[in-house]
Amino acid sequence: MSSSFLSSIRRACNQSVGKIVLNSDRCYWNLKCLGRYRAACTSQTALQPRIVLGIETSCDDTGAAVIDEAGRILGESLHSQKEVHLKTGGIIPPVAQRLHKENIHRVVQEALDMSRISPSELSAIATTIKPGLALSLGVGLEYTLKLLKQYNKPFIPIHHMEAHALTVRMIHPVQFPFLVLLVSGGHCLIAVANGISDFLLLGQSLDEAPGDILDKVARRLSLIEHPECTTMSGGQAIEHLAKQGDRKKFYLKSPMAQHFDCNFSFAGLRNQVTQIITKKEKEEDIQKCQILSCVNDIAAAVQHTVASHIAKRTHRAILFCKMKGLLPQSNAALVVSGGVASNRYIRRTVQIVTDATGMALLCPPPKLCTDNGVMIAWNGIEKLKEGIGILHNPEGICYEPKAAFGADISGQVKEAAIKLPYLKMKIRE
Ligand code: KG4
Ligand code: ZN
């Protein structure tokens, strides 16, 4: 093995370790573990490290990354459409498609250039094919098919939610089975991860996703006009303003209190908040696009209700898993990921539950919680290592805007009808 090859591996390793986001939160990664894990991987794989290019275009982020099997990020690039969609007040699929088309080549090229890996050196290309916006998924798949043909590489089609669920294993040696909560703008589900493509779905949102309702409430409050929030996503703006608000100024009913299952619902909460906003707008006689004086209190109330709803359903999921022996008796872990998982208030509320039930709480750093190419490439690496889901002839492969996630056992959870013991959901700021 040439010394230049070894030194390029070392360089890549140093670069990516430097990029890991460190945070004082208790639920963040322990660098010592990370070091041990990487060292173990390196000793096993130094001879012929497998390398995967991952491509993500399922929604409004064009992402690409090149990763080796030890989880080292050799190159990455991300183009976010957030600002465009913020201005139009939501994602317009043909606009998202156009932006993916305009950026995909540059994004993939940047990731490859940064990695100094030529496409011919790749072990495989992994791309999100489900679920997501049809027009967005189509751009990633079409581009991938061209690359596959040009370089004659195997294809690993990726389920976006599975990739979110497993990203954690890139930086922490969490073993199966573990519990995973995915909360984003498009999804809300809780599942047991038994293996790379083996999940038991305990519950999911019956209507909207938490990020979606935070985005809608933020739009209804015209937060884009708020001087402190002009470039923030709805969820970020709500989190930011909530810090200065008093959640007790507004009473919001907790969703699904009479349903003893692990499903989620946010549409009713959105209606409650909309009614409050309409009433307050009349009282303050404000015009469209003006900001209510009580905006911080509304943000705090909605954030708290979303957080405690998520925490309660998670609590029941943990108790169900314990009852059925679905998780290890010691060192059981809850992984929380997706864009909404970057909300510190929500994480801390969930942590009240994990502390009370003796579970470890693991959250990837915010950069890996939101959509990106890294999680897709890592899912490709995991599949490659297990030898599953690898296509040598991608002919006939289609994207799937709607796709199930794991085996649905939410009916069994409902049947168990577990009543939650009281837990005080109080967060000290
Ligand atoms: O995972 P993601 O990047 O995309 C998908 O939805 O798949 O998540 C984006 C969502 C948006 O709804 C955004 O408002 C929300 O995550 N989000 C947050 C925060 N940062 C992003 N929600 C609450 N608090 C945050 N700090
Ligand atoms: Zn996502």
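Predicted model: local features only at pLDDT ≥ 70, side-chain atom pairs only at ≥ 80, totals over all residues.
Residues are numbered from 1 along each chain as its sequence is written, chains are lettered from A and ligands numbered from 1 in the order in which they are written, and side-chain values use heavy atoms, with hydrogens and water left out.

The overall picture comes first. The protein chain has 15 helices and 11 strands; these are DSSP runs numbered from the N terminus, helices being H or I with at least four residues and strands E with at least two. Of its 429 residues, 55% count as buried, where buried means under 20% relative accessible area, exposed over 50%, and partly exposed in between (1.4 Å probe, protein chains only). Among the contacts with a separation of 6 or more, 76% are made by residues 24 or more positions apart, a contact being heavy atoms within 4.5 Å.

Turning to the strands, an open sheet of 5 strands shows the order 3-2-1-4-5 with mixed pairing, two strands counting as paired if DSSP finds at least two bridges between them. Strand 3 (73-80) and strand 5 (155-159) form the edges, each pairing on one side only. On average, neighbouring strands of this sheet are turned by 20 degrees against each other, direction ignored. Strand 1 (residues 51-56) and strand 2 (residues 61-68) pair in the antiparallel sense over 6 bridges, with V52 opposite I67 in strand 2. Helix 5 (residues 134-151) packs on the sheet, where it touches strand 1, strand 4 (124-130) and strand 5, and its direction makes about 155 degrees with that of strand 4. Axes are lines fitted to C-alpha atoms, for helices over the stretch in contact, and angles run from 0 to 180 degrees between N-to-C directions.

Strand 4 and strand 5 run parallel and are joined by 5 bridges; T128 has I158 in strand 5 as its bridge partner. Strand 5 is mostly covered, with 5 of its 5 residues buried. From this strand, F155, P157 and H159 point one way and I156 and I158 the other way.

The nonpolar interior comes next. A nonpolar core is a set of buried Ala, Val, Leu, Ile, Met, Phe, Trp, Tyr and Cys residues joined through side-chain atoms within 4.5 Å. The largest one has 65 residues, of which L179 and L202 touch the most other members. Helix 11 (residues 295-324) gives the most to this core, with 14 residues. Apart from it lies another core of 22 residues, among them L74, V107, A111 and L147.

Helix 9 (residues 234-242) is mostly covered too, as 7 of its 9 residues are buried. These buried residues pack against helix 8 (210-220), helix 11 and helix 12 (344-357). The loop between helix 9 and helix 10 (267-284) holds F266, which counts as buried because its relative accessibility is 0%. Leaving aside neighbours within four places in sequence, the contacts of F266 include C188, P210, V306 and H309. The C-alpha atoms of F266 and H309 are separated by 9.0 Å, at 43 residues apart along the chain. N263 lies in the loop between helix 9 and helix 10 and counts as buried because its relative accessibility is 11%.
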